[in-house]
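Look over the fold before reading on. The paragraphs below start at one end of the chain and work through a few selected sites.

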Amino acid sequence: MSTGNPFSTIQAKLSFRGRKYICEISEKDSVVDLKQQLSTSVKEDGIQNEHDPIDFKLIYKGKILSDDTENLHTFLLDDVMRGSSSRKEVHIMALGTSRDESLHRIAEWNKARHTAPRIRDDISQAGKAQISQRQKKGIDMLKKASRKEKSQMTCTKYGFSRIETLPMLPEEEKARQILKSLSEDPGILACMEKHKWNVGCLAEMYPEGQVGVSEVCLLGLNHNKGQKILLRLRTDDLKGFRKILNIRKVLFHELAHNVYSGHGGEFNKLMRQIEKECNELDWTRYGQKLGGQTSTLGENTHLSSEYNMDDSIFQGGTYRLGKSDDNTRDIEHHINGTRQPASARDLAAKAALNRLGKDREQQKKGDCGCKSCLHCLEIDNEDRINGYSSPKS
């Protein structure tokens, strides 16, 4: 007994604007026939705008069925036969815009094209007036920003106008803090005010070369006698920062270039004067006593206050078993009849006086060339700074 062809009709489920429509595809149906069935179903479903078959576009498995005369049953039969024998349904996506909808969109686009504002209307009088108003407003904003920047940069008449760090380097914030501490140092600012110096920019210099190895290794640079001063803040490997005292000395050197371009005797004299004034005019580094006297150990006072240390906790000295050493006996204090060890300030003062006496004895004999006494170190330091380059090792 014959059962007939089970694939004589194929059931198609079409998706259109979120709705599902079931259509039957016979052996003679083409693409346009399926579009006609969809148009009828959409009309019966109550869609506001009427869609003609030509308005639809059918998509099957990502491919647009563009040929309306193609036999759709033959096209889909292979896919249906590959699947399960009990499943003869295919899914097709439908897209479409009715003629009325297309005309409405064209009318809206034409209306928007005429009513939308131009990017720059320099034709009509209203557009020209608007451009002039925007230009005036922009000039006012620039003037306001300039006044604000100027007030921030020139809080004092003398000093550093601004600071600059190198971007894209590690610990940029720490480099900015170093430059900020130098630009706001009371002693440096007082020295610059005394000499009436105003540096436009204090900036970070990229560490090219290796200190002590490269033939030329700049530690600082002064552009146009104070227009811009650059300081080498970082180590050669960019993993750390140089000592702040060394950076300060380079800054003193560069400040001297505000007056002298070369490295002559007058330059060295001015550089030493700047260093002395920056240290002496810093009121935060030297302790003040009653009567206006200044402590001779301002450096130690500054360090103690910075790290909240009391110098009375430093009990130093050299002693022998059973009796006090003669070298420290004269600086020990007697309180209530009891001999107390000397403080850190007294020990430091005595050590400095001893070194000074030894250095003077050596200086009477001439330059010993030992590279360790204060006289030789001062000469070596001046030669290194004056040459401003590190010789090859």
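**A walk through the predicted model**

Strand 1 and strand 2 pair in the antiparallel sense, over seven bridges. Strands count as paired if DSSP finds at least two bridges between them. Leu14 stands opposite Tyr21 in strand 2. Two residues lie between the strands of this hairpin, where Arg17 takes a positive phi near 50 degrees.

This is a predicted model, in which local features need pLDDT of at least 70 and side-chain atom pairs count only at pLDDT 80 or more, while totals for chains, interfaces and linings use all residues. Residues are numbered from 1 along each chain as its sequence is written, and side-chain values use heavy atoms, with hydrogens and water left out.

Now the whole chain. The protein chain has 12 helices and 13 strands. Helices (H or I, at least four residues) and strands (E, at least two) are DSSP runs, numbered from the N terminus. Of the 393 residues in the protein chain, 31% are buried. Buried means under 20% relative accessible area, exposed over 50%, and partly exposed in between, with a 1.4 Å probe and protein chains only. The accessible surface of the protein chain is about 26500 Å², and carbon and sulfur atoms hold 52% of that. These areas come from the Shrake-Rupley method with a 1.4 Å probe; for residues, only the protein chains shown count as cover. Among contacts between residues at least 6 apart in sequence, 59% join residues at least 24 apart. Contact means heavy atoms within 4.5 Å.

Helix 2 spans residues 72-82, and its buried residues are Leu72, His73, Leu76 and Val80. They cover an arc of only 80 degrees around the axis, so they sit on the same side of helix 2. The arc is that of the directions from the helix axis to the C-beta atoms. An α-helix has 3.6 residues a turn, so residues three or four places apart point the same way. Thr74 and Arg82 are exposed, on the face of helix 2 turned away from its buried side. What covers the buried residues of helix 2? The cover includes strand 1 (10-16), strand 2 (19-25), helix 1 (31-44), strand 3 (56-60) and strand 5 (89-96). At the start of helix 2, a side-chain oxygen of Asn71 reaches to within 3.0 Å of the backbone nitrogen of His73. That is a polar contact: a pair of N or O atoms within 3.5 Å; within protein, one must be able to donate a hydrogen and the other to accept it, and residues adjacent in sequence count only if both atoms are side-chain atoms.

Next, helix 5 (residues 172-183), which holds Leu179. Is Leu179 buried or exposed? Leu179 counts as buried because its relative accessibility is 0%. Leu202 is 23 residues away in sequence, yet the two C-alpha atoms are 7.1 Å apart. Beyond neighbours within four places in sequence, Leu179 is in contact with Ile163, Glu164, Thr165, Leu202, Ala203, Glu204 and Leu233.

Then the cysteines. With a disulfide taken as a pair of cysteine sulfur atoms within 2.5 Å, the count is zero. Cys191 is in none; the nearest cysteine sulfur, that of Cys278, is 3.9 Å away. Cys191 is buried at 0% relative accessibility, and Cys201 is buried at 1%.

Last, a loop. Asn258 lies between helix 7 (244-256) and helix 8 (265-280). Asn258 is buried, with a relative accessible area of 11%. Its side chain reaches the backbone nitrogen of Gly226 at 3.2 Å. Not counting residues up to four places away in sequence, Asn258 touches Trp197, Val199, Asn222, Lys225 and Gly226.
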